[in-house]
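Reader: Before going into any detail, could we look at the model together and work through its strands, helices and charged pairs?

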Amino acid sequence: MTPHPRVPLVLVSGLAAEGNDELAELLRRAGPGVAVVHHDLRQIGSGVVRRRIRLGPRDQLTALELAHGCVNCTLREDLLPLLRRLARRPEVDRIVVRLDEAMEPEPVSWAIANVLVGDRPVSDDVELEAVFTTVDRATWLADASGDELLLERGLLGSPEDERTVAQVALAQVEFADVLVLAGDVPDAWCAAKTAAALDRVTPSVPRVVLKGLDAGLLYAAIPADARRGEVIDLHGALLRGQPPLHADCGIELLTFTAQRPFHPERLHEAIDSLLGGVIRTRGRAWVASQPDIAFWLESAGGGLAIGHAGPWLASPDGPDWAEVSPERRTLASLRWHPEHGDRAQELVVVTDLADPADIDRALRDALLTDDELAEGEAAWRSYPDPFGEWHEDPCEVTEDEEDDEAERHVNAANRKEEQQ
């Protein structure tokens, strides 16, 4: 039996609601066979999600009642089965999923490729063509550098959602294949500063202006090496492309590396330096008291998330080299230490008001001293550790998902282990 060709799928994400609607409409009008799906999460705290499907002249709005109101439940119970049904309809030749403003495209992309609907994933029916993220040129930089909670903005992925607006804003642009600039530019300074931040956060992602855009030009802007939904490797390169190394409009990039572990208590104190005047921090940390685990540290504006990216290759229970990506093997080989293996510090920090030299100094002061390094791993494990407790996500996952390495990988990036 000849397999049915997969239907192209596009994700539209971003905090700019009006921009998202305008972009989704632009894509819908590109052809009569374009289906646009939108799950409105504004009432998710009450267990209600409003689903809208538009296809040709048809416009269907349905209120869904979910047993557990959360993004993951919406994905598993409705969106994924819906994508399969739409892909099998002969009149559908492309699907556009207009994500709710509170949704990040990476977990959605992972679910499409990995969560089973029946006996196979939905990626057997759809092919993720691109992720487009809208950026409101008047408000994005303030959103990405602030500390407002989604709850305060009226945006939630679940009743227990503690993410900040900044965390979502940055996750959305970092996963995009093309950034679509929406809204009016308030002034030249805001435009220049926003561009400087995006140049350093997403250096390889092309940008187009929504006003006057047509679908053909948008699809043509997708780069040949676009991610197209590929989940981020927490042990891979921290930035795609070559960001500018000079300061611009007060925006600077700091790369922090070291081949000795952090003292857990001093690192805990140094984290404060990553929250004031910092737009973004992403990277891996080696903490002396937990030497077998690669910590994943991520800050966005005034919000912080600390999780873990699984064991180092040099850990006793680390993965085999053949099991990891070629990129991870290459990076590990470049920094391999005869005693500590691939364990190392690697953080990328995009600053605004903060002085990169002060941040570098605070992080270096948190590293083990020569005397502490000489004490050895047995002594390190006994250090008081404020990072000792790991909390689970509020939504329970199925047993199959719990065993899946790929989902653990995504959850590690989004888990709010420590909110400050």
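The questions and answers below concern a predicted model.

Reader: In β9, which residue is the bridge partner of T133?

Author: Strand β8, residues 126-136, and β9 run parallel and are joined by five bridges. Strand β9 itself covers residues 178-182, and five of its five residues are buried. Within this pairing, the bridge partner of T133 in β9 is L179.

Reader: Which residue in β10 stands opposite V180?

Author: Strand β10, residues 207-209, pairs with β9 in the parallel sense over three bridges, and together with helix α7, residues 188-201, these two strands make a right-handed β-α-β unit. V180 points one way from β9 along with V178 and A182, whereas L179 and L181 point the other way. The residue that stands opposite V180 in β10 is V208.

Reader: Which strands stand at the edges of the open sheet of five strands, and why is one side of each left without a neighbour?

Author: The order in this open sheet is β11-β15-β12-β13-β14, and the pairing is antiparallel. Each edge strand has a single partner strand, so one side of each is left without a neighbour in the sheet, and these edge strands are β11 (252-258) and β14 (303-311).

Reader: In β13, what is the bridge partner of G283?

Author: Strand β12, residues 278-286, and strand β13, residues 293-300, pair in the antiparallel sense over seven bridges. In β13, the bridge partner of G283 is L297.

Reader: How far apart are the closest N and O atoms in the salt bridge of E129 with R94?

Author: A search of the whole structure finds 35 salt bridges, one of which joins E129 to R94. The pair links distant parts of the chain, with E129 in strand β8 and R94 in strand β5, 35 residues apart. Both E129 and R94 are buried, and their closest N and O atoms are apart by 2.9 Å.

Reader: Is D360 buried or exposed, and what is its relative accessible area?

Author: The side chains of D360 and R364 meet in a salt bridge at 3.0 Å, N to O, and both residues lie in helix α11, four residues apart, about one turn of the helix. R364 is partly exposed, with a relative accessible area of 36%. Buried means under 20% relative accessible area, and D360 therefore counts as buried, its value being 19%.

Conventions: Residues numbered from 1 in each chain as written. Predicted model: local features only at pLDDT ≥ 70, side-chain atom pairs only at ≥ 80, totals over all residues. Heavy atoms only, no water. Buried < 20%, exposed > 50% of the residue type's maximum accessible area, 1.4 Å probe, protein only. Pairing = 2+ DSSP bridges. Right-handed = clockwise from strand over helix to strand, strands pointing away. Salt bridge = Lys/Arg side-chain N within 4 Å of Asp/Glu carboxyl O.
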